[in-house]
Amino acid sequence: MTRIVTVGAAQLGPISRSESRQQVVRRLLELMHQAKAAGCDLIVYPELALTTFFPRWYMEDQAEIDLFFEREMPGAATRPLFDEAAKLGIGFCLGYAELIEESGRTNRFNATILVDKQARAVGKYRKVHLPGHAEHEPWRAFQHLEKRYFEIGNLGFPAYRVFDGIFGMLICNDRRWPEAYRVLGLQGAEMILLGYNTPVHNPPSPEHDNLANFHNHLVMQSGAYQNGSWVVGVAKCGKEEGVEQIAGSAIIAPSGEIAAAAVTQGDELIVARCDLDLTRSYKTTIFNFAQHRVPEAYRPIVERKGAVPPP
Ligand code: ING
């Protein structure tokens, strides 16, 4: 019996700084209704889907910074998402800025949650690869201060049995690091959900700007193929508070082929019927880790006699 999961990738256009949570949630609900009408089992929203991408600004006032965070999930503004999802019988994956009091201290993460068709939160991931910088760098046309506003994720790369398969989550820059997919692949991940906010221009390397869209699909298609997994990549895109962010949302098959791709720079739902059993064709042959992978060969190179130590 084939295991088909119909997935909606809910790309978002720009979210302005002045847009309220309620206004954004209305956009998310519109896409959720489109997804339900299209027969989706699951809808995937981008990274930090509730607010504008605030790490583009240098802020010092913690109270101002914390306005971009959610202290509870669901909270008053996001509860309608959970209620509607339960009513429609659709799961969702939502990226947001998480502020949580744990063991007597305040922690802030770039997080994403996975919610099943009964609106139960079944999984959470906190972004590990935080790009950019921690201090104000006025030379930049805009900042990228994720290292300042978020802690490194402390949940590892968990995989979850849900929607009749094995699912994992990544966030934005994680998708550029092959080991992030591989840690999920080693857990048997059959579908990896990820959202992103990616400026076209990267101040430290402007010579890469013209390749932003190519690199976006390159890393997701590679991650999918090399782990025999579906990959769902969802953008928050367009000119957001003056910064052009790439679109390119895509649903990618375990072959590495793009099964569905966005064609706009705004709110757009793309849908694909994803057969999780297509993953077997790769996980039981070319990427049969048990048969072909040589884990001891990947031991840190410094442990080997006479090895050239990393820089
Ligand atoms: N954004 C970017 C990403 O990895 C970035 C950071 C921007 C990398 C431009 C390279 C070029 O897609 C986030 N939020 O990680």
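A polar contact is taken here as a pair of N or O atoms within 3.5 Å; within protein, one of the two must be able to donate a hydrogen and the other to accept it, and residues adjacent in sequence count only if both atoms are side-chain atoms. The model is a predicted one, in which local features need pLDDT of at least 70 and side-chain atom pairs count only at pLDDT 80 or more, whereas totals for chains, interfaces and linings use all residues. Residues are numbered from 1 along each chain as its sequence is written, and side-chain values use heavy atoms, with hydrogens and water left out.

A polar side-chain atom of Glu47 lies 3.4 Å from a ligand nitrogen atom, while ligand oxygen atoms are found 3.0 Å from a polar side-chain atom of Lys127 and 2.6 Å from a side-chain N or O atom of Thr198. Of the 370 Å² of accessible area that the ligand has on its own, the protein covers 89% (Shrake-Rupley method, 1.4 Å probe; for residues, only the protein chains shown count as cover). Around the ligand stand 14 residues, with Glu146, Cys172, Asn173, Arg176 and Thr198 coming nearest, a residue being near if one of its heavy atoms lies within 4 Å.

The ligand takes up the space of the largest pocket, a molecule being assigned to a cavity or pocket if more than half of its atoms lie within 2 Å of its grid points. On a 1 Å grid over the protein atoms alone, a pocket is an open set of points with protein on both sides within 12 Å along at least five of seven lines, a cavity is a set where a 1.4 Å probe fits but cannot get out, and lining residues have an atom within 4 Å of a point. The largest pocket holds about 400 Å³, where grid points are joined across faces, edges and corners and the volume is the space filled by probe spheres set on the points. Its lining comprises 22 residues, and Asn173, Arg176, Thr198, Pro199 and Asn202 lie nearest the centre.

One cavity of 30 Å³ or more was counted, and the volume of the largest cavity is about 60 Å³. Among the 15 residues lining this cavity, Tyr45, Thr112, Leu170, Leu194 and Gly195 are closest to its centre.

As to the backbone, Met73 and Pro74 are joined by a cis peptide bond with omega of about 0°, and Ser103, although not a glycine, has a positive phi of about 40°.
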